[in-house]
Amino acid sequence: MSYSIKELTELASFYKNQLLNSTIPFWFPKSFDEEYGGYLLMRDADGSLIDDDKAVWIQGRATWMLSTLYNTVEQRPEWLAGAKLGYDFLNNYCFDSDGQMFFHVTRDGKPIRKRRYFFSETFYVIAAAAYAKASGDEQAAFNARRVFDKCIQYATTPGLLPAKFTGTRPSKGIGVPMIMMNTAQQLRETIGHAPCDEWISQWIYEIETYFVKDDIQCVMEQVAPDGSIIDHIDGRTLNPGHAMEGAWFILHEAKHRNNDPHLINLGCRMLDYMWERGWDKEQGGILYFRDVYNKPVQEYWQDMKFWWPHNEVIIATLLAYQMTGKEKYALWHKQVQDYAYSHFLDMQHGEWFGYLHRDGTIAQTAKGNLYKGPFHLPRQEWYCMQILKSYLS
């Protein structure tokens, strides 16, 4: 199938309506914490609060989302004011004395937990950069670039952060080059930073060289330092939705680089390989984990359907269709969109449920917790609006 202009116009209206009339109103303004700053995001299906703790990376994501809406959709004062709540909370409470950020804090900013990785920092970068663009705050722009440079140090200096594993079985994961690539893209597109293009090229090279396996048509989550497959349970475990998120990051870069054919080919290969491995041909939806050799997966949630892989695949398939015109991507986009909006969407209260059993029934009702908040879904709906806007212009 392919989309007609009328269908693309209707699709654009659908995503805009979902974003502005279902997703964003579920979270804001009721999640604004006017007393301590930041956002109260741990919420049940009806929006009631189930916990007032705050996940630092989701505070950053929400700040980015509100700033981005202000920058690209409409300059609503409440979005900018809400973004400031998040940006100020991050600065006031979320950095430890060593400069590293916390992962989990109380409502009033007392630290509970730090992680060994630096993803809180990457989301701070995109939040501060988008807020700087929205507000004109030069200190926010400086902070975004400064923390990005610190993330580069974390990513490239062995031993700078505590190791999760011993050196017995060394490995490297696709997560760092993926998140750093997207962080650099966001920084570049909001306030700019000279090294971004060079670093993005390096991270794409790393992904293509070490993680994309054309011989077995797969994208690995982790590999040995030389790129070989680690034939143990953890080393064989694939996350199809994560890999397809990486595919659209690369397609986004291809678009930035005047439709670079090599990057289009790379992104589409990644999407093709992991759609084949991830799409549940029996019951629909994206399976959470798979084994590269189709052996049993260790994690007990391996066949569940989580919300965020569907958001990433919705983006990836629409972007691939825009950039190639291939009908299979239009078909895949319709498949995943139909599945996601018929299973995850809460028609009564708005937003999406986060966790489904394999058969599509709801596993639990929380829409906000330490890992889920106003990011993957609103980013998907917002980004699809941008894709369709440029497609139709």
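Predicted model: local features only at pLDDT ≥ 70, side-chain atom pairs only at ≥ 80, totals over all residues.
## Asn 143 in helix α5

Asn 143 sits in helix α5, which spans residues 138–156. Its relative accessible area is 7%. That is under the 20% cut-off, so Asn 143 counts as buried.

The side chain of Asn 143 makes a polar contact of 3.0 Å with the side chain of Tyr 87. Beyond its neighbours within four places in sequence, Asn 143 is in contact with Tyr 87, Asn 91 and Tyr 124.

## Helix α10

Helix α10 runs over residues 261–278, 18 residues in total. From first C-alpha to last it reaches 25 Å.

At the start of α10, a side-chain oxygen of Asp 260 comes to within 2.9 Å of the backbone nitrogen of His 262.

## Backbone features in loops

Phe 28 and Pro 29 are joined by a cis peptide bond, with omega about 10°. Pro 29 lies in the loop between α1 (5–27) and β1 (42–43).

Gln 217 is not a glycine, yet its phi is positive, about 50°. Its loop lies between β7 (212–213) and β8 (218–219). Gln 217 has 48% relative accessibility, so it counts as partly exposed. Asn 258 is also not a glycine and has a positive phi of about 55°. Asn 258 is in the loop between α9 (240–256) and α10. At 72% relative accessibility, over the 50% cut-off, Asn 258 counts as exposed.

Key. Residues numbered from 1 in each chain as written. Heavy atoms only, no water. Helix = DSSP H or I, 4+ residues; strand = E, 2+ residues; numbered from the N terminus. Buried < 20%, exposed > 50% of the residue type's maximum accessible area, 1.4 Å probe, protein only. Polar contact = N/O pair within 3.5 Å; in protein donor to acceptor, adjacent residues only side chain to side chain. Contact = heavy atoms within 4.5 Å. Expected span 1.5 Å × (residues − 1).
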